[in-house]
Structure formats: structure tokens, C-alpha cells
Amino acid sequence: MIEHRAQTTYIEREYRGVSMKRTWIAFMFLALPANLAFAQIGAGALTRSMTVTVHGDYVAAGTGLEGVEHASIVIDTIPDGADVVGGVLYWGLLDDESRAEHARIRINGNRVVGKLAGSTGGCWSRTRSFVYRARLTAEQLGRDFEPVGEDPIPPPPGNGIYELSGYRTQDPTVPQGATLVLIYRHESSRARDIVFYDGNVAPTPFPPPPFFRDAEVEIHGFLAQAPVEASSTFVVGNGDPEVQDLLYFVTQNGSIRIIGFSPLDSSDGATWDTETVDLDGAVEPGDSFGTAILRSYSVRVGRLFGIDCTFWAAQVTSVTTSRPVDADPTVHFEERILVARTR
Ligand SMILES: [Ca+2]
Ligand SMILES: [Ca+2]
């Protein structure tokens, strides 16, 4: 969502982990007004938190959490015969300060305590945005799981409804949304490197129109094998359908794949987006990195200018690989953070 920032123009000095194209930095400085007020705001970073190599892939889906006491994430794209080996739940919120309750959420009634992945500036009169991460084993995800779909139903978890509740909703906390990423293994599937980056990137500085702002995250941790099948998922909070943006992926050799136009529109529900770009045939054999980019366009609001006040929580990427698969991928998910069944 866009936020008015009257009388203040922000230029960040610290932009760790992400970079803006130099040409646009130059344009921005040429366009700066003489009475510019400098303010330092943290823009944050996404860093690699996990790589899992399996005969399989990931699926991801999200939900908005703003204004509701509970919500559900529907997973319905796991292929028949696959087994879930574990998953990662991301959630984000706005607040004026860090609180222990931010780390708490329930999935299917089971209490989860997450870890802070990153925090940057906030929006909507809240000074901070927070992203939390919880790795969950298949056993943990399967407790009180409600399967849907055709018979025969595989052992839980899998395709079905994952209910979220128990997150802090009291003012001034504003929960934004959550995304569940499940890793599955399938005996007939090709091997894939599945790479998780998470943290918090907020491209909040306000260039005047017609300029835009790119936040970039370089994705490493994979080695592509022909014929390449790949995809990458953006997890972003606080997208406003009225303010334009672009999500795209640039491969090692410069091929570009774009997700529609203005995808940060809270299509998961207020106010969250989980958006996946298909990279089949774009990533080339032997590639070992690519760049995910979140572009925010300027918009005029009365006499002021702003960009969509989004915060980028995570990026999950899978690429077919020739690397050896993990002997036991389940170990990646054993963080012992699901506390108890509390239903
Ligand atoms: Ca938008
Ligand atoms: Ca969307």
C-alpha cells in the first residue's frame, strides 16, 4: 500500500544486499530538489537460509492476514504420489516495536514459534515491518491436517487446507500475510536444487515520476542441468493494486522473464502476494545464479510522490540440477519450533 510521506524525501545511504542500477542513482540525483532532506532508512536484505536438493520440487501459496483472526492457505498442486518432506512458513507484519508475540502463530491449531528473518521500515503509521520464518517437518505439518482431493489420499501433509490462527492482531500490530512453501519428493521427478532466500527488503525511497526503483536479490546455490526446468517465487507484503510495480527474473545470460504487470496487488488477500515466475528454458544449462528484481514505480499523490510501500519477505527458487540429492532432506526442517498441539 502506498503511504504519504509529507515534506520528506528519502534517500537511503545503506542498502545492504540489494542494489539499484547506477544509471538510476544518477538520474535520481539529477532530479533531486534543492531542499532535499536526507534521512537514513534501512532497506534490508534477503540472504540464503537453506538449499534442499531432492527428486521433487516445491509448491507455494499464501493468504492475507490483515483484519482477520484466522485465515487458510490452500495447497492443491502437489502431484499424485509425492511425499512432503518438510515446509517453511513465512509471515509478515507491521508494528512500532519488536514483540515476542510476533514470532507466534498456529497452523492447524498447532503452536509455532518462528525466527525473525528480517526487519525494515514500516508503512501506514507503523515504523517497522517484520518477517518471520518457521521450518516445519512433515510430521509437524501433518498434525490435524485436513486433506482434500481425489482418493487415494496420501499420508499427510499434502494437498489441503492449512489453517492459520493465533497470531497477534492487537493494535498497533497489523498482520499482513503468510506463505507456506512445501517441499515434496517424487520417485519419478528430476532432481532439483531448491534455494530459500529470506529477510526483509523495503524499497521505500521516493523518486519522483517517471522514475522507478529496483530492489535486486542475486540468487545462488543451484547448478542448472539440461533441459532446464526452473521457477522462482516472490513473497511480498503490503502490495497495493492501485500502485504499479513489476516482478521479474534475469538469468545468468541476461534472459528476462516477467510476472504480468503490477503483480503486487494483495491477490493473496489483504495485504500479501505470493507470485511465481516460470523459468523453464530461460535458465540455461550450467547456470549457477540469477537475479530476482522487484521494481517499484513512482506515483503522484496530490502534491507528493511515492511508491508502493511493499516489503519483500522471501524468494524461493528451484532449478533442475546434476548435483547429488540430499540423502535425508528432512534434516533441513528439524528446527523443533512447533511447540505443542493446543486445540
Ligand atoms: Ca502494487
Ligand atoms: Ca498478486
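Tutor: Take strand E15 (residues 256-259): Arg257 and Ile259 are on its covered face, while Ile256 and Ile258 are on the uncovered one. Strands here are DSSP runs labelled E, at least two residues long, and helices are H or I runs of at least four, both numbered from the N terminus. E15 pairs with strand E14 (residues 245-251) in the antiparallel sense, over four bridges; pairing takes at least two DSSP bridges. Across from Ile258 in E15 stands Tyr248. Four residues separate the strands of this E14 and E15 hairpin, where Gly254 has a positive phi near 95°.

Keep in mind that this is a predicted model, with local features needing pLDDT of at least 70, side-chain atom pairs counting only at pLDDT 80 or more, and totals for chains, interfaces and linings using all residues. Residues are numbered from 1 along each chain as its sequence is written, with chains lettered from A and ligands numbered from 1 in written order.

Zooming out, the chain has two helices and 21 strands. Its average pLDDT (the predictor's per-residue confidence, from 0 to 100) is 84, and 81% of the residues score at least 70. As for burial (20 or more other C-beta atoms within 10 Å of a residue's own, with C-beta atoms placed from the backbone), buried residues make up 48% of the 343 in the chain.

Terms used: A residue is buried if 20 or more other C-beta atoms lie within 10 Å of its own, exposed if 12 or fewer, and partly exposed in between; C-beta atoms are placed from the backbone.
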